[in-house]
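Dear colleague,

Here is the structure I promised to hand over, with its sequence. Please keep it open while you read the notes below it.

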Amino acid sequence: MNLLDVKDKVLVTGGTGMVGVALQKILPHATYVGSKYDLTKLDRTLELFDEVKPEYVIHLAAKVSGMKGNMDALGTHYTENVYMNTNVLEASRLHNITKVLSVLSTCVYPEFAKLPYVEEDIHKGMPHYTNMGYGFSKRMLDVQARAYRDQYGSNFVNIIPNNLFGENDNFHLVESHVIPSVIRKVYEAKRNNTNITLWGDGSPRREFTYSNDLAEIIVYMFNNYDEADPINVGNPGEHTIKELCEMVCEFLEYDNEITWDTSVSNGQPRKPSDNTKFLELGWDNDRYTDFRTALKNTCDWFVENYENVRGVK
Ligand code: NDP
């Protein structure tokens, strides 16, 4: 039985974002809200819960940015996310919500954690300075969920995806993550017949999970996991930034020059995460969409929707 099939009982915060829109396709009966209810304010959060009266909550709302956006506003990423998370879990406690699933990020892991990342290491050192505010705010979700479980018996669970991408991502030139940023730069250079410059030397390796896969994973974990420990759930396949750029250039038929600006930091060379615990819960690596297919879908969607894409319009 899918717990989340119940009509009018599931509230999804961040329901207008990339993952929220992916979830809408497989969970049409839930209530999806964006920032109309400002979750950094406890009174607005309680108004939302009073109005929807949910039994289950999927908490996706967050201030999310790529490396530059995070570095330029470490404080905002910390404070807004801590307020949102604190208010959503507190409102869930006050409303006796049966279960809350929240989404962390591999940014929670310490800069010098051993690789691949394992869940036990989350709090063992400072996150990388480039996303220190966001990383710590996500760690606090783990702290609050454990504390509330201990004191109030709350069934609050947390999952840890790696980098996400897909349709309805944010394609803003400063605030976006690497995949939407590359897609946009390549597409616009193709339209204008110009060359492009990308940050770093293209050598860092990253794991990427398709937003539609994360939507499936959220439903899966909601139905199959009730423990305090957060679980890595991302696709463990690694790709260099250069590799993904080459794929985007192929899909968008761009063959002008790409310059790698090595004066800009590469960031961490690798950030692999170990999804063994997730596999032990019954997930299978074959259930992740093949990276090339997911990237092609995202490029096609971007081209079709260019004028109205978030961050472009
Ligand atoms: P998006 O940036 O696409 O969406 C963010 C959502 O949060 C939107 O619905 C937005 O509403 C809402 N929101 C932002 N600020 C507020 C606020 N003050 N009050 C209420 N709602 C607010 O995020 P994603 O879909 O990419 O991410 C989903 C989750 O996954 C997040 O928790 C994120 O931290 C996590 N994650 C994301 C990764 C990624 O690479 N994108 C990687 C790992 C984890 P509105 O549309 O109205 O602005």
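Predicted model: local features only at pLDDT ≥ 70, side-chain atom pairs only at ≥ 80, totals over all residues.

Residues are numbered from 1 along each chain as its sequence is written, and side-chain values use heavy atoms, with hydrogens and water left out.

Let me begin with helix α2, which spans residues 42-52; helices (H or I, at least four residues) and strands (E, at least two) are DSSP runs, numbered from the N terminus. Within α2, Thr45, Leu48, Phe49 and Val52 are buried, where buried means under 20% relative accessible area, exposed over 50% and partly exposed in between, with a 1.4 Å probe and protein chains only. Viewed along the axis of α2, these buried residues fall within an arc of 95 degrees, so they line one face of the helix; the arc is that of the directions from the helix axis to the C-beta atoms. The buried residues of α2 pack against the strands β1 (10-13), β2 (31-33) and β3 (56-59), and also against helix α4 (74-94), contact being defined as heavy atoms within 4.5 Å. After α2 comes Lys53, whose phi is positive, near 50 degrees.

The axes of α2 and α4 come within 9 Å and cross at roughly 45 degrees, the axes being lines fitted to C-alpha atoms, for helices over the stretch in contact, with angles from 0 to 180 degrees between N-to-C directions. That makes α2 oblique to α4 (angles under 35 degrees count as roughly parallel, over 145 as roughly antiparallel, 65 to 115 as roughly perpendicular and the rest as oblique). On the α2 side, Leu42, Thr45, Leu46 and Phe49 meet Asn87, Val88, Glu90, Ala91, Ser92 and Leu94 of α4. By class, the residues of this contact of α2 with α4 divide into six nonpolar, three polar and one charged, where Ala, Val, Leu, Ile, Met, Phe, Trp, Tyr, Cys and Pro count as nonpolar, Asp, Glu, Lys and Arg as charged, and the others, Gly among them, as polar.

The contact brings together Ile179, Ile183, Arg184 and Tyr187 of α6 with Phe291, Leu295, Thr298, Cys299, Phe302 and Val303 of α10. In this contact of α6 with α10 there are eight nonpolar, one polar and one charged residues.

Ser137 is found in helix α5 (residues 132-152), and at 0% relative accessibility Ser137 counts as buried. Leaving aside neighbours within four places in sequence, Ser137 is in contact with His77, Tyr78, Asn81, Val82 and Asn85.

As for the backbone, a cis peptide bond joins Leu115 and Pro116, with omega about -10 degrees, and Pro116 lies in the loop between β4 (99-103) and α5. Asn193, in the loop between α6 and β7 (196-199), has a positive phi near 50 degrees although it is not a glycine, and at 60% relative accessibility Asn193 counts as exposed.
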